[in-house]
Amino acid sequence: INPAASQLLGDAYVEMGEYAKAVKAFENAAKSKNSLIAPMSLKKAGIVYLEMDNKQAAKKAFSTIKTDYAQSQEAADIDKYIAICE
């Protein structure tokens, strides 16, 4: 599936409250390593993981943004999300 479509699918799952399916879709979109879609999808996955009370997985998603997509818009404020996970 196209990474953008996977991300939209993840958004739809979030709206339906199906968080496990949502993070799977977001992580699938992030696998594309697309410099726009991947960090956005990782941030969305991290937020959903926080909603699921899985701080370890959330921190991993947020840290990947910091290390692999440091120039992205999502990286600008990612440290506050990482701090929430600790």
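Q: In which hand does α1 pass α3, left-handed or right-handed?
A: In this predicted model, α1 passes α3 in a left-handed crossing.

Q: Why are α1 and α3 called roughly parallel to each other?
A: Helix α1 (residues 3-16) and helix α3 (residues 37-51) pack at an angle of about 20 degrees, with their axes 10 Å apart. Angles under 35 degrees count as roughly parallel, and the two helices are therefore given that description.

Q: Which residues in α1 meet α3, and which residues in α3 do they meet?
A: On the α1 side the residues are P3, A4, Q7, D11 and V14, and on the α3 side they are I37, M40, S41, K44 and V48. By class, the residues of this contact divide into 6 nonpolar, 2 polar and 2 charged.

Q: What makes α3 and α4 roughly antiparallel?
A: The axes of α3 and α4 cross at roughly 160 degrees and come within 8 Å. Since an angle over 145 degrees counts as roughly antiparallel, the label for α3 and α4 follows from their crossing angle. The crossing of this pair is left-handed. Its contact is made by P39, L42, K43, G46, I47, Y49 and L50 of α3, together with K55, A57, A58, A61, F62, T64 and I65 of α4. These residues divide into 10 nonpolar, 2 polar and 2 charged.

Q: How do you know that E86 forms a salt bridge with K59?
A: The closest N and O atoms of E86 and K59 are 3.2 Å apart, and a salt bridge requires such a nitrogen and oxygen to lie within 4 Å, so the pair qualifies. The pair links distant parts of the chain, with E86 in the segment after α5 (78-84) and K59 in helix α4 (residues 55-68), 27 residues apart.

Q: Why does E86 count as exposed, and K59 as partly exposed?
A: Exposed means a relative accessible area over 50%, and E86 stands at 64%. K59 has 31%, which falls between the limits of 20% and 50% and is therefore called partly exposed.

Q: What makes D79 and K66 a salt bridge, and where do the two residues lie?
A: Their closest N and O atoms are 2.7 Å apart, which is within the 4 Å cut-off. D79 lies in helix α5 and K66 in helix α4, 13 residues apart, and the pair links distant parts of the chain. D79 is partly exposed at 44% relative accessibility, and K66 is partly exposed at 42%.

Definitions and conventions
Residues are numbered from 1 along each chain as its sequence is written. This is a predicted model: local features need pLDDT of at least 70, side-chain atom pairs count only at pLDDT 80 or more; totals for chains, interfaces and linings use all residues. Side-chain values use heavy atoms; hydrogens and water are left out. A salt bridge is a side-chain nitrogen of Lys or Arg within 4 Å of a carboxyl oxygen of Asp or Glu. Helices (H or I, at least four residues) and strands (E, at least two) are DSSP runs, numbered from the N terminus. Buried means under 20% relative accessible area, exposed over 50%, partly exposed in between (1.4 Å probe, protein chains only). Axes are lines fitted to C-alpha atoms, for helices over the stretch in contact, and angles run from 0 to 180 degrees between N-to-C directions. Angles under 35 degrees count as roughly parallel, over 145 as roughly antiparallel, 65 to 115 as roughly perpendicular and the rest as oblique. A crossing is left-handed if the near helix is turned anticlockwise from the far one by less than a right angle, and right-handed if clockwise. Contact means heavy atoms within 4.5 Å. Ala, Val, Leu, Ile, Met, Phe, Trp, Tyr, Cys and Pro count as nonpolar, Asp, Glu, Lys and Arg as charged, and the others, Gly among them, as polar.
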